[in-house]
Amino acid sequence: MNDSEMKRVPDSIYLEITTENKQQSLPLHTSITLFLLSYCESTSFRVILLSAKSGEQWNWVGDLPSTLAADQVQLPEPPPLVRACKLPAVLEADGMFCRAGLAVVLRNIVQKTSKDSPGHLNISSLLGFKNTCLKACAEVSRWTRLCEIEIPSAVEDHLGNPTQRCIPPAVLLLEKRLGEPVKVHNDDKLRRQKLQQQATSQSTPQEEGSGATVTLCKPTCGVELDAAMAKLTTDGSTDADTKKPADIRRVKTSHLPELEHHFAEGLYFTLTDVVLLPCIHQYLSSLQRHTPDALASLPLLVRWYCRVQDVPGVRRAAENCGMTLFTPQPSESGVVLPELSTPGELELESTQPEKMPFVGGPRPTLTKLKNSGIEAVFSPHPCPSWTVPWEDLPTAVNPSTGKMSDTRAIRKCQQLNNLVAMVTQLVHPGDTVVDFCSGGGHVGIVLAHMLPQCQVILVENKEESLVALHACGVATDMVLERCLQAGAAFVISPCCYGFIQNTQKFTFPRSQTFSKILDYKEHMILCRFADQTAVQLPEDRRKIGKSCMGLVDLDRCLAAETRGYTVKVMTMEPESCSPKNNMLVGQPRPKHIMSG
């Protein structure tokens, strides 16, 4: 396929459709994606629905109508890259690059549609300030996890039992978030406009007998809403007078009124609102039918739902997707519902304990482990002098030909020597090699040239990147878990130990051996001091840091060994190639080895 043909072929979006009792339905992640495509009036993608049946086999169902997709193309089954991903997923036209995950796919839709149709509906504004809306992954961002995972999951659980009277904690947390003051970049101007507006309204005499009426869905327009609606236009301009009276300009910032939420992330309609609308629509529709009295406990969420309907293009997109938007009407039955301020009911279940200040250094923790017979153990490097045959590879593959300094290029080559040496010892012809946390692709590209008989796949979470050699923080544990699930051998270079913390999926210590000796706080002390290996630190500090690194990785190894693996912790050669110079090299024991 030549370049001109490639430009005519759209990227493909693969979405899940479920079938139960011969009835087809769309999961919320699919509904959200279709709603965004309709709102953007995007024609940049072909949409393909897949039905999941037995096991992990995906069977093709068909394309959507032309209103939401390009020309239909019959496919016998999805490509291998798509089968390996959790939907939704976007496969580029050449079939070589796949994006997966709800937030990643939605951001790609906005970016590509904006590029293909610049200025249309000001789509790019959906990505928010500095294009960061839902950019951080759910593992590190509490807000992304709430919007991308927990709200959809809570709503789908509710729809399975719509008569339950308990409001999901995730929904309560969103209600609380909508009541918090808005923090936006350079908000001083808007807050002074609001103060001026309040002063003007207070000085305006009211007719006798007039009173204020509070409604859930039609609040009085203010500075926040004016700014929000102006953002939705292509020029983003407002008609507000920017010059304020002298007394308004002299008011201290700390005395200015707070800005109120009008949309999920504050003043402006963003991708987060697009994600939440199909979820909240189904949830409020269910409450209206089954427990309308519960609506009275969610006034801010109801107000948000009504306000979003007034955003240009939302009603059209909802109608195209079969969503009948409505105005919720809470009943007055007097039923007592959970108080939002009750501790423990707002916060979602989280494995992360209360943050406590660390007191003292790592020596008490190291001594505690040593008294239990546990010390850092490093296996000898099997080929410390082996190097990549750089002279046999294309010049562009060598880091020394890039923009980095000579010193950094030398260290990068040394790091690559270590990782490539370990991988080449483990692989066999026909294997698939996955370079997680691939960054700029230094490891994966070298491996692809050196292992032409293998398929090399690069996986990276950051949009700006395409193995940055190091898997930062819990990324190491995410990669390790994926390898254990697949029964695959692995070579991992951990990094950023100080960023390790309990998450929704992982708790620390990882192994039962360490858990019997250390609590979470003590393990975190090891992690924090494992980051103290920089060359400018005193030698004794670096030795303690190296020991802490070894113990954190030993904990990971022990956890993997209980699942049928043999794992070694090694040190890169030379040690000076990186302050984070540990390597975890593991492979399943013979009876656990899986094909591929």
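This dialogue walks through selected features of a predicted model.

Colleague: What kind of model is this, and how are residues numbered?

Modeller: The model is predicted; local features need pLDDT of at least 70, side-chain atom pairs count only at pLDDT 80 or more, and totals for chains, interfaces and linings use all residues. Residues are numbered from 1 along each chain as its sequence is written, and side-chain values use heavy atoms, with hydrogens and water left out.

Colleague: How many helices and strands are there in the protein?

Modeller: Helices (H or I, at least four residues) and strands (E, at least two) are DSSP runs, numbered from the N terminus. The protein has 19 helices and 13 strands.

Colleague: What share of the residues is buried?

Modeller: Buried means under 20% relative accessible area, exposed over 50%, and partly exposed in between (1.4 Å probe, protein chains only). Of the 596 residues, 46% are buried.

Colleague: How do I read a pair of packed helices?

Modeller: Two packed helices are described by the angle between their axes and the distance between the axes. Axes are lines fitted to C-alpha atoms, for helices over the stretch in contact, and angles run from 0 to 180 degrees between N-to-C directions. Take α10 (residues 271-290) and α11 (residues 299-309): their axes come within 11 Å and cross at roughly 115°.

Colleague: Which residues of α10 and α11 meet?

Modeller: Contact means heavy atoms within 4.5 Å. From α10 come Asp273, Leu276, Leu277, Ile280, His281 and Leu284; from α11 come Leu301, Val302, Trp304, Tyr305 and Val308. By class, this contact has nine nonpolar, one polar and one charged residues. Here Ala, Val, Leu, Ile, Met, Phe, Trp, Tyr, Cys and Pro count as nonpolar, Asp, Glu, Lys and Arg as charged, and the others, Gly among them, as polar.

Colleague: Now a sheet. What is the strand order in the open sheet of three strands?

Modeller: Two strands pair if DSSP finds at least two bridges between them. The order is β10-β13-β12, and the pairing is antiparallel. The edge strands are β10 (490-492) and β12, each pairing on one side only. Neighbouring strands are turned by 15° against each other on average, direction ignored.

Colleague: How many bridges link β12 and β13?

Modeller: Strand β12 (residues 565-571) pairs with β13 (residues 582-588) over seven bridges. Lys568 stands opposite Val585, and Val569 has Leu584 as its bridge partner.

Colleague: Is β12 mostly covered or uncovered?

Modeller: Mostly covered: five of its seven residues are buried. In a regular strand the side chains alternate between the two faces of the sheet.

Colleague: Which helix lies across β10, β12 and β13?

Modeller: Helix α14 (residues 406-426) does, running at about 10° to β13. Helix α16 also packs on the sheet, and its direction makes about 175° with that of β10.

Colleague: Where does Glu481 sit, and what does Glu481 touch?

Modeller: Glu481 is in α16 (residues 475-486). Glu481 counts as buried because its relative accessible area is 16%. Beyond residues up to four places away in sequence, Glu481 touches Phe506, Arg510 and Arg563.

Colleague: Where are the cis peptide bonds?

Modeller: One joins Leu87 and Pro88, with omega about 5°. Another joins Phe508 and Pro509, with omega about 0°. Pro509 lies in the loop between β11 (494-495) and α17 (512-515).

Colleague: Which residues have a positive phi although they are not glycine?

Modeller: Glu41 has a phi of about 50° and is partly exposed, at 40% relative accessible area. Cys496 also has a phi of about 50°. Cys496 is buried, at 19%, in the loop between β11 and α17.
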